[in-house]
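Here is a friendly walk through the fold, meant to be read with the structure open beside you.

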Amino acid sequence: MTTSETTDFDTRYGSETRTVTLRVNGKDVTREVPTRTTLADFLRDDLDLVSVHLGCEHGVCGCCTVLLDGGSVRSCLMLAVQAQGHEIETVESLSADQNNLHPIQEAFAEEQGLQCGFCTPAMVLRTKEILADGQERTDDEVRHEISGILCRCTGYQNIINAVQNAGRKLRCGASGGCCGGDEAKGS
Ligand code: FES
Ligand code: FES
């Protein structure tokens with residue numbers, strides 16, 4: 001099919017396009033997109049950011065979560081044109097390669113906070129968002145804060161441990177930092 005052909009979908013929902021400019025993972029991006037394109041499809045299909053996982057595509061599972069201006073959004077429920085002028089972060093922004101993981105990613109690996117990994121990019125980004133306040137969290141607080149993202153594998157406790165471990169790393173530094181490692185050791 002060529003782009004000039006009109007489909008039944010176009011007839012029902014329109015084929016209008018618009019130019020969007022946004023900042024994605026630290027780089028300015030400008031593309032012409034159909035106005036009906038979701039932010040999730042834009043990130044995956046136009047920018048090849050395939051860490052954005054589509055599960056339900058109905059706003060239920062949270063696996064498509066990305067950060068918009070630092071706050072989590074479900075990218076399946078948002079149009080690309082609605083992100084015009086905003087800053088988007090996906091998990092690809094956190095580390096250049098597997099040998100240079102972000103402290104949050106290290107914590108998820110150390111605590112076995114993932115199994116199949118389908119929910120993991122969303123969990124990692126949500127963790128980045130909630131830990132921005134630098135506060136310690138109880139299990140119940142973490143459970144509540146990640147409750148918008150469904151994980152079918154882990155039973156959640158290891159994810160909770162990973163979020164708390166990541167908080168210690170970010171507060172104290174991987175090698176101890178401000179508290180000489182006492183907090184990171186749990187003493
Ligand atoms: S794919 Fe977006 S909430 Fe499930
Ligand atoms: S690790 Fe499989 S869905 Fe969470």
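## Helix and sheet packing

In this predicted model, strand E2 (27–34) and strand E3 (65–68) are among the elements that cover the buried residues of H2. Those buried residues of helix H2 (residues 39–46) are Leu39, Ala40, Asp41, Phe42 and Leu43. Just past H2, you will find Asp48 with a positive phi of about 60 degrees.

Now to the sheet. It is open and mixed in its pairing, with 5 strands in the order E2-E1-E5-E3-E4. E2 and strand E4 (71–74) each have a single partner strand and stand at the edges, so one side of each has no neighbour in the sheet. On average, neighbouring strands are turned by 40 degrees against each other, direction ignored. Within the sheet, E3 and strand E5 (residues 87–89) run antiparallel and are joined by 2 bridges. Leu68 stands opposite Ile88 in E5.

Helix H4 lies across E3, E4 and E5. H4 also packs with H3, and the angles of both arrangements are set out here.

| Pair | Angle |
|---|---|
| H4 and E3 | about 35 degrees |
| H3 and H4 | about 125 degrees |

How far apart are the axes of helix H3 (residues 103–110) and helix H4 (residues 120–130)? They are 10 Å apart. The two helices, H3 and H4, are therefore oblique to each other, and their crossing is right-handed. On the H3 side, Ile104, Gln105 and Phe108 meet Thr120, Val124, Thr127 and Lys128 in H4. By class, this contact has 3 nonpolar, 3 polar and 1 charged residues.

Terms used. Residues numbered from 1 in each chain as written. Chains lettered and ligands numbered in written order. Predicted model: local features only at pLDDT ≥ 70, side-chain atom pairs only at ≥ 80, totals over all residues. Axes fitted to C-alpha atoms, helices over the stretch in contact; angles between N-to-C directions. Helix = DSSP H or I, 4+ residues; strand = E, 2+ residues; numbered from the N terminus. Parallel < 35°, antiparallel > 145°, perpendicular 65-115°, else oblique. Left-handed = near helix turned anticlockwise from the far one by under 90°. Contact = placed C-beta atoms within 7 Å. Nonpolar A, V, L, I, M, F, W, Y, C, P; charged D, E, K, R; others polar. Buried ≥ 20, exposed ≤ 12 C-beta atoms within 10 Å, placed from the backbone. Pairing = 2+ DSSP bridges.
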